[in-house]
Amino acid sequence: LGAQVYPISVLGDDDAGKNLLSLISSKCQHTQGIILDPACHTILKTRIMAGDDNTTKQQVIRIDRDPHKKLSEGNQDKIFSYLARIAPSLDALIISDYGYGMFTKKIRTYIRKFAQEKVVVVDSRYCMTDFTGATMVTPNLSEAEQFTGIRIKDEKSLHLAGARILRTIKTRAVLITRGNKGMTLFEHSAPPLHIPVYGSDQITDVTGAGDTVCALVTLGLVAGACFADAARLANYGAAVVVMKPGTATVNQQELISALTAPPVPHHR
């Protein structure tokens, strides 16, 4: 979508890690922040799909191979020094935290300092409280329920959960993604904004939808959009991605086409 991206991560120095780094390198010229560590194993997720060539395939099970290994002090130092070196030239940080130990106390402290001046968008599966002061957090429904202890079954409970996250994380906005029900934006100075799903609600594959939301919200904010417009932009992008099989992306022309297309009526 036109942004310069600086990915930071640790991969295993194995076939999967080398293949992934090769794929990233073909799309991104800044890969110095990706470390290949022979002591680590690259996380692998295998999706088992059901259906034949004449039907829409559905995922029935996913097998995850993610042996947890604590980040070495050497890799922690490399990640921190690289982040500190490039941060002055960055407009934003996207935090994708799946609980694998990437975000040490030192790195979290630096991220909070960065967030005082620039955009930080956080997608954290288990530890949103580690990123207090971020610009925005983007939990899905189950993550919002787990964090707040509120079972989200209607609009009232959704609003209670959103308000609690907003207050607890001390973030400027919370965007709860709700699958085929769209997403809901919470800000301190505005009522909750419900954004219905764009296009068809017959989803092909949700893989990567949350990452698309983070990317587009962040790009929208650094381009000068308000939270509501950035969220709407993310909603369009995610709608394009979920209609594609497998781990998919959205390009500029697809996004423009979605934004300029006539509305699609919903039939219930």
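Modeller: Buried means under 20% relative accessible area, exposed over 50% and partly exposed in between, with a 1.4 Å probe and protein chains only. This is a predicted model, in which local features need pLDDT of at least 70 and side-chain atom pairs count only at pLDDT 80 or more, while totals for chains, interfaces and linings use all residues. Residues are numbered from 1 along each chain as its sequence is written, and side-chain values use heavy atoms, with hydrogens and water left out.

Biologist: Which residues of helix 2 are exposed on the face turned away from its buried side?
Modeller: In helix 2, N75, I79, Y82, L83 and I86 are buried. They lie on the same side of the helix because they cover an arc of only 100° around the axis, taken from the directions from the axis to the C-beta atoms. The face turned away from that buried side carries the exposed residues E73 and R85.

Biologist: Which elements do the buried residues of helix 2 pack against?
Modeller: Packing is judged here by contact (heavy atoms within 4.5 Å). By that criterion, the partners of the buried residues of helix 2 include a helix as well as strands. They are strand 1 (9-12), strand 2 (34-37), strand 5 (92-97) and helix 3 (105-115).

Biologist: How far apart are the closest N and O atoms in the salt bridge between R232 and D229?
Modeller: The model has 5 salt bridges, each a side-chain nitrogen of Lys or Arg within 4 Å of a carboxyl oxygen of Asp or Glu. R232 and D229 are 3 residues apart in helix 7 (residues 227-242), which means that about one helical turn separates them. R232 is partly exposed at 34% relative accessibility and D229 is partly exposed at 41%. Their closest N and O atoms are 3.0 Å apart.

Biologist: Is E143 buried or exposed, and which residues is it in contact with beyond its neighbours within four places in sequence?
Modeller: E143 is found in helix 4 (residues 141-148), and with a relative accessible area of 9% it is buried. Leaving aside the neighbours within four places in sequence, E143 is in contact with D123, S124, R125, M128 and T138.

Biologist: Which strands stand at the edges of the sheet?
Modeller: The sheet is open and mixed in its pairing, with 6 strands in the order 5-6-7-8-9-10, where two strands pair if DSSP finds at least two bridges between them. Each edge strand has a single partner, so one side of each is left without a neighbour, and these are strand 5 and strand 10 (190-195).

Biologist: What angle does the direction of helix 7 make with that of strand 9?
Modeller: Strand 9 (residues 183-187) runs antiparallel to strand 10 and is joined to it by 4 bridges. Helix 7 packs on the sheet, touching strand 7 (136-137), strand 8 (173-177), strand 9 and strand 10. With axes fitted to C-alpha atoms, for helices over the stretch in contact, and angles from 0 to 180 degrees between N-to-C directions, the angle with strand 9 is about 165°.

Terms used: Helices (H or I, at least four residues) and strands (E, at least two) are DSSP runs, numbered from the N terminus.
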